[in-house]
Amino acid sequence: MKMKKNVEMKIIILAGGSGKRLWPISSKSYPKQFLKFLDEKSLFQKTLQRFENFKHLDEIVVVINKDHLKITKDQISEIKFPKKVKILIEPDRKNTAPAILFAIKSLKKMRDIDENTKLLILPSDHLIFPKEKFLSYLDNLKNESLNDLIIFGIRPNRIETGYGHVKIGKKIS
């Protein structure tokens with residue numbers, strides 16, 4: 001009988017935001033994900049810290065634009081993040097889908113992923129809590145043989161053209 005290998009996951013965090021949504025608080029040089037709102041940690045730092053003790057993590061990949069390299073490194077250093085973080089710099093600011101494609105193509109080129117690699121793609125500026133519940137969902141996925149795209153989200157309470165909408169399919173365990 002073959003033992004099922006623990007599925008390791010590579011997490012891609014999109015942190016290339018342009019600072020337009022919370023203007024004038026955020027700016028091109030200091031966008032929302034790097035601001036410290038509620039306490040001494042930024043949304044970006046909270047996104048990283050969500051995975052400090054997640055045992056199925058292979059590596060975190062952060063996609064940024066060149067203007068944010070210093071602040072990204074500084075904020076990773078500030079929290080003394082204990083896991084491996086790779087920073088990819090987008091050639092151009094294009095938006096979410098091109099940033100995801102850039103990350104995947106870059107990782108394939110570096111031979112850091114193949115068709116069996118599980119990817120979790122997250123924005124750098126979302127609050128997700130309780131953290132333990134979210135991580136338990138991810139933990140439950142580790143033994144699934146998934147070839148599907150899985151999306152975590154919230155049920156909207158109104159139509160908003162600035163965000164995508166997803167038709168919900170069949171529920172998995």
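What share of the contacts in the protein with a separation of 6 or more is accounted for by residues 24 or more positions apart? In this predicted model, such residues account for 69% of those contacts, a contact being heavy atoms within 4.5 Å.

The model is predicted, so that local features need pLDDT of at least 70 and side-chain atom pairs count only at pLDDT 80 or more, while totals for chains, interfaces and linings use all residues. Residues are numbered from 1 along each chain as its sequence is written, and side-chain values use heavy atoms, with hydrogens and water left out.

View 1. The protein has four helices and four strands, taken as DSSP runs (helices H or I with at least four residues, strands E with at least two) and numbered from the N terminus. Of its 173 residues, 32% are buried, that is, under 20% relative accessible area with a 1.4 Å probe and protein chains only. The accessible surface comes to about 12,200 Å², with 54% of it belonging to carbon and sulfur atoms (Shrake-Rupley method, 1.4 Å probe).

**View 2. Helix α2 (residues 69–78) has Ile71, Thr72, Gln75 and Ile76 buried.** These residues lie on the same side of α2, because they cover an arc of only 130° around the axis, as given by the directions from the helix axis to the C-beta atoms. The buried residues of α2 pack against α1 (43–49), β2 (57–64) and β3 (85–89). Just after α2, Lys80 takes a positive phi of about 50°.

**View 3. Ile25, Phe37, Leu38, Leu127 and Phe129 make a nonpolar surface patch of about 590 Å².** Phe129, in the loop between β4 (118–123) and α4 (131–141), is exposed (over 50%), with a relative accessible area of 65%.

**View 4. Phe51, Phe54 and Phe134 form one aromatic cluster.** Rings pair if their centres lie within 6.5 Å, with planes under 30 degrees apart counted as stacked, over 60 as edge-to-face and the rest as tilted; by this rule the count comes to three aromatic pairs. The ring centres of Phe51 and Phe134 are 6.3 Å apart and their planes stand at 70°, so this pair is edge-to-face. The pair links distant parts of the chain, with Phe51 in the loop between α1 and β2 and Phe134 in helix α4, 83 residues apart. Both Phe51 and Phe134 are buried.

How values were computed
Patches are made of residues with over 30% relative accessible area and no salt bridge: like charges are joined within 9 Å, nonpolar side chains (Val, Leu, Ile, Met, Phe, Trp, Tyr) within 5 Å. A salt bridge is a side-chain nitrogen of Lys or Arg within 4 Å of a carboxyl oxygen of Asp or Glu. Rings of Phe, Tyr and Trp (its six-membered ring) pair if their centres lie within 6.5 Å; planes under 30 degrees apart count as stacked, over 60 as edge-to-face and the rest as tilted.
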